[in-house]
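Dear colleague,

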Amino acid sequence: MSRSFFDWQRSARAQTRMLYVGFCVVIVATSALMALCVHWAWQFEPDAPAPPPYTDLFLIALALMTPFILGGMYYRVLSLSKGGAYKVAQLIGADELVDPQTNLEKRYLNVVEEISIAAGIPVPQIYILETPTVNAFAAGYSTKDALVCVTRGCLQCMPRAELEAIIGHELGHIVHGDTRINLRAMGVIFGISLLTQLGELMVHGSRGGHSSRSSDSRDGRIAIAGIALMIIGYVGAFAAQIIQSLLSRTREYHADAAAVQFTRNPQSLADALKRIGGSSGTQVSGAAAIEMRHMFFCEAAVQSFNRVFSTHPPIEKRILKLEPGWDYEFIPREVQEEVPLAHVREAQERPVGPDGALSESATMAVGAAAFSMLQFSAMDIERAFKATGNPGDDHLNYARELMFGLPFAISTMVHEKDNAPAVLFALLLSDDPDEQLQQLGIIKQYDHRLSAKAMQAKEALKEAKMQDVLSIFDLLVPALRRLNETEFKTLLKQMLELIKADKKVTLFEWCLFSLSKSLFRVLFVPKAKQGLDLNFTIKRSKEEVELVMQTLCIATKMPSDKCKIALENASKLLGVECRLPEKMLPFAAVDKALSRCSQLIDFDRELILKACVEMVEFDQQVTVEESQILRAIATLLGCPIPPIIRQSAV
């Protein structure tokens, strides 16, 4: 039985605690070692008084080392708190794939988009590391600021099914919170490495010019102290490797399981590992590779005693878990060199561009078959809830069909920074001609070109009968992330004016605006100003929880008598009184309520999401709008629900 999304979250939280406990142990151990070095060196100093007790030296060393190492860790974590994923890519030298040119690059883009839609998360930024070796990694504090990166060698040697398995593995790290731990681990490793760097500075500084015997003696003592610090730093780095290994090995098995869950194809992941085992290697050059080695798909840095302190389980063990009857034969390199052309031909099955656009009739046929869903059953909602964080092959098939049915105008615009806002505006344009004309006038005030593009996108979505608006928004996220702060603020201002144009705000409009605003906060608001993660409980957030339930009650449009019963059921489940809502809810208050609820402990967030699901399915019939609002609220709570699919369509 596969683990639930919330089980993964609890596991990630426990591993974070283990990381910090290990960090504290390293600080204590390095302080004890420093005190021992000072105590030993003191005895060799001529005419020196008796050395202080070792316990006093240890306490002094601990008082000095703790703020020094903690300061280094805090500096690194703070530097990664805003745009952390992007800065990790900069450290390793990866380049963002903005405009794919080759068929292999287009295939890579398609695979990431399809699996992201299937998982119900925003599409991450897509990067390529220009190296012939085969590897991949993911980074980010959350699904909203994540990236996935593969090496050029990985693109060239992997068939589509095996590339899907690798991307599924990396997206599993993102969805289950592993990438957040990885970034914090980078801070811990950086703080410990500062000792070695300080020691090297002291040694190099002592090699300057000397003017007297006393200065020679002083410089000699500085050099000895520097060497001692370097040794202590190396011991700390050795301990950091152990921490990396303890954290990473189990999580790699879990991510392999997530890849199998996403694709339902364990053989593809096993074949990908066999191909890597017979390839030119997985090593990545650069000092950052050592600091990031726990983040990669396979071991990225050459280490002594690799089997003992490797951050990844041996490839052989990973394959055996997927294919118990494996004969220990890797795919030879010479065989791999014969197939790149076959991979290129395979990539041409779904090119991005005019040549790959479906005809208008075909687009409408696919769109009508997949997305003209007037309502869902309670069983469909329950299936999606149970698949939170663990989408299956039916969700992946749905995502593939969505991508096939996406009109060419939309598939082009969602990837372009300048045109992505037009698609977002199209989702907000009214069907009423007079209101629509007024909204287009608002867009023209800012950019005349975007007005025409928004209308073009509106018509394309209408003809293709695209109902899954949240998946369209998820496709837009990479392009929206490329906006600067001023451009994004202008975008939010325009969205607000479009929403208010008809003097009323619908729940759907609020959801779209809240998702955009949430993305803005992640990208441009420092973590300290976003509110600390205080692990609120439901009992401490009664008003906020009640407001969320009232919002869903309004979304369902149930009669007041049924709504009252549904709220009473939610009250019993949550242990919080949920009263009937007023006719109008202050959306700003709902936004703040969801922000606070997203910081609840894992068990309480699971309860709230379950209550939300029960509220929506109470009358046994769920409209597309209700399902979209449920998924939007789940996303704002930090619980990605995959696309809701009718049982008859599976």
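Is Cys-553 buried or exposed? Please keep in mind that this is a predicted model. Cys-553 has a relative accessible area of 4%, which is under the 20% cut-off, and therefore counts as buried. Its partner in a disulfide is Cys-563, with the two sulfur atoms 1.5 Å apart, and Cys-563 is likewise buried, with a relative accessible area of 4%. The angle about the S-S bond is -65°, and the link between Cys-553 and Cys-563 is left-handed. Because Cys-553 belongs to helix α25 (residues 542-556) and Cys-563 to helix α26 (residues 560-574), the pair ties together parts that lie 10 residues apart in sequence.

By contrast, Cys-154 takes part in no disulfide, the nearest cysteine sulfur being that of Cys-157, 5.9 Å away. Cys-154 counts as buried, at 0% relative accessibility, and Cys-511 is buried too, with a relative accessible area of 3%. The disulfide count comes to one.

Turning to the helices, the axes of α4 (residues 103-119) and α6 (residues 160-175) come within 10 Å and cross at roughly 50°, so the two helices are oblique to each other. Their crossing is right-handed. Among the residues that make the contact are Arg-107, Tyr-108 and Val-111 of α4, and Leu-163, Glu-164 and Ile-167 of α6. Sorted by class, the contact of α4 with α6 holds seven nonpolar, three polar and four charged residues.

Terms used:
Residues numbered from 1 in each chain as written. Predicted model: local features only at pLDDT ≥ 70, side-chain atom pairs only at ≥ 80, totals over all residues. Heavy atoms only, no water. Axes fitted to C-alpha atoms, helices over the stretch in contact; angles between N-to-C directions. Helix = DSSP H or I, 4+ residues; strand = E, 2+ residues; numbered from the N terminus. Parallel < 35°, antiparallel > 145°, perpendicular 65-115°, else oblique. Left-handed = near helix turned anticlockwise from the far one by under 90°. Contact = heavy atoms within 4.5 Å. Nonpolar A, V, L, I, M, F, W, Y, C, P; charged D, E, K, R; others polar. Disulfide = S-S within 2.5 Å. Buried < 20%, exposed > 50% of the residue type's maximum accessible area, 1.4 Å probe, protein only.
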